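Visitor: I would like to learn how to read the features of a structure. Please show it to me and take me through it.

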Amino acid sequence: MSSADFLYEDNFTEYIEDYEEAELPQAQAYLSHAQIASLVLQMMAFLLGVPGNAIVIWIMGFKWNKTVTSIWFLNLAIADLIFVLFLPLYIAYVIMGFHWPFGKWLCKANAFISLLNMFASVFFLTAITLDRYVHLIHPAFSYRHRTLGNACILVLLIWILATVLGSPALYFKDTLTSFQNVTICYYNFHHDFDIIVFRHHTLTWIKFICGYLLPLLTMIVCYSFLVSQVKKSTVLTSSRLFWTILVVVMGFLICWTPYQIFSILELSAHHNASLHDLLENAMPLSIGFAFINSCLNPILYVLLSKKLSFCFSVTFSDLVKHTLWEVSRSATVSDHGQNSLSLQLTEVPVIEHPLEEILQ
């Protein structure tokens with residue numbers, strides 16, 4: 001291609017700067033080691049993410065009474081499940097050497113779902129963090145306004161905001177077919193180089209600032225205030241809910257940080273051809289790690305279970321249910337203690353008969 005052909009196996013930023021008819025895309029004959037590794041991670045995300053998130057949705061949505069905390073975790077699992085259900089399309093795309101046989105609208109939908117998941121996940125994690133901060137530091141405000149109705153309104157606003165921020169994929173994603181009948185799914189920003197650069201920079205910075213930087217700063221500030229202002233910090237840090245939220249947030253940041261970093265570096269590739277080789281390997285791997293986050297939370301719930309030693313006598317579903325039960329109970333106990341800060345920081349009692357409690 002005359003300028004540069006960016007095909008880094010990136011469902012978010014894949015685009016073509018310029019092309020000539022004689023240089024239209026061809027099916028990739030073989031996959032690089034980085035692309036194969038990314039493909040393995042995507043398959044793991046699908047195979048683990050579908051049953052894992054379905055179990056969380058079943059438990060939080062249908063087995064238990066709704067609480068504000070369970071609403072957050074329920075919608076986080078819904079966002080991940082929607083995403084992993086679309087993963088087979090992209091896996092097939094990569095296996096076929098980046099040939100997209102599914103049509104233009106599924107090309108648009110697949111990219112949109114990827115962005116929707118990224119924004120919705122980080123927004124729900126930010127909401128969970130803010131909810132803990134307000135609930136523990138401003139109990140009077142929390143008592144008046146922390147209700148299921150208000151939580152549902154915030155959930156709706158988060159989904160709307162994530163939809164708006166992900167909607168450019170519905171407009172710019174397009175398909176391009178060569179004379180060899182090879183079709184790619186890419187971002188059709190424009191044929192003019194300056195417009196391509198402007199739109200690529202704009203969407204990348206929106207994605208970075210709204211989907212990573214601002215939520216990250218918000219969570220850092222909230223956790224810093226929690227640690228510094230809550231006198232009984234030892235009780236706070238021993239809370240099951242505290243560690244569950246912290247580990248889930250850290251999992252998101254670890255999985256998504258490489259992608260965000262390489263997305264920023266990719267902006268320089270318009271004028272720096274030396275970055276192409278780096279991005280050809282870095283982008284597939286960073287995308288694979290980002291996708292794996294969609295199956296990570298149910299696994300973390302299991303690893304956080306106090307009763308992991310019973311893993312050979314109970315099912316995966318039971319372990320997930322047990323950890324979510326502890327998280328829900330931790331939030332519920334603090335909900336009943338709005339009159340004083342010390343009551344809000346009460347630790348959940350140790351369960352003496354875990355198997356009976358798991359099945360309740």
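Guide: Start with helices and strands. These are DSSP runs, helices being H or I with at least four residues and strands being E with at least two, numbered from the N terminus. Ile59, for instance, is found in helix 1. The model is predicted, so local features need pLDDT of at least 70 and side-chain atom pairs count only at pLDDT 80 or more, while totals for chains, interfaces and linings use all residues. Residues are numbered from 1 along each chain as its sequence is written, and side-chain values use heavy atoms, with hydrogens and water left out.

Visitor: How many helices and strands are in the chain?

Guide: The chain has 14 helices and four strands.

Visitor: Is Ile59 buried or exposed?

Guide: Look at relative accessible area: under 20% is buried, over 50% exposed, and in between partly exposed (1.4 Å probe, protein chains only). Ile59 has 0%, so it is buried. Its C-alpha atom is 8.8 Å from that of Leu74, 15 residues apart along the chain. Of the 360 residues in the chain, 53% are buried.

Visitor: Which residues touch the most other members of the largest nonpolar core?

Guide: In soluble globular proteins, nonpolar side chains tend to be buried together. A nonpolar core is a set of buried Ala, Val, Leu, Ile, Met, Phe, Trp, Tyr and Cys residues joined through side-chain atoms within 4.5 Å. The largest one here has 90 residues, and Trp72 and Phe124 touch the most other members. Helix 3 gives the largest share of this core, 18 residues. Contact means heavy atoms within 4.5 Å. Beyond four places in sequence, the contacts of Trp72 include Phe124, Ile128, Leu154 and Ile158.

Visitor: What does the side chain of Ser121 make a polar contact with?

Guide: A polar contact pairs N or O atoms within 3.5 Å; within protein, one must be able to donate a hydrogen and the other to accept it, and residues adjacent in sequence count only if both atoms are side-chain atoms. The partner of Ser121 is the side chain of Asp80, at 3.5 Å. Ser121 lies in helix 3 (residues 104-137) and counts as buried, at 2% relative accessibility. Glu266 is found in helix 9 (residues 240-266) and counts as buried at 0%.

Visitor: At what angle do helix 1 and helix 10 pack?

Guide: Two packed helices are described by the angle between their axes and the distance between the axes. Axes are lines fitted to C-alpha atoms, for helices over the stretch in contact, and angles run from 0 to 180 degrees between N-to-C directions. Helix 1 (residues 33-63) and helix 10 (residues 275-292) pack at about 10 degrees, with axes 8 Å apart. That makes helix 1 roughly parallel to helix 10, a label for angles under 35 degrees. Residues meeting there include Leu41 and Met44 in helix 1, and Leu285 and Phe289 in helix 10.

Visitor: Where is Phe98, and what is its phi?

Guide: Most residues other than glycine have a negative phi. Phe98 has a positive one, near 65 degrees. Phe98 is in the loop between helix 2 (68-95) and helix 3, and counts as buried at 2%. Asn181 also has a positive phi, near 65 degrees. Its place is the loop between strand 3 (173-177) and strand 4 (183-187). Asn181 is exposed, at 58%.

Terms used. Angles under 35 degrees count as roughly parallel, over 145 as roughly antiparallel, 65 to 115 as roughly perpendicular and the rest as oblique.
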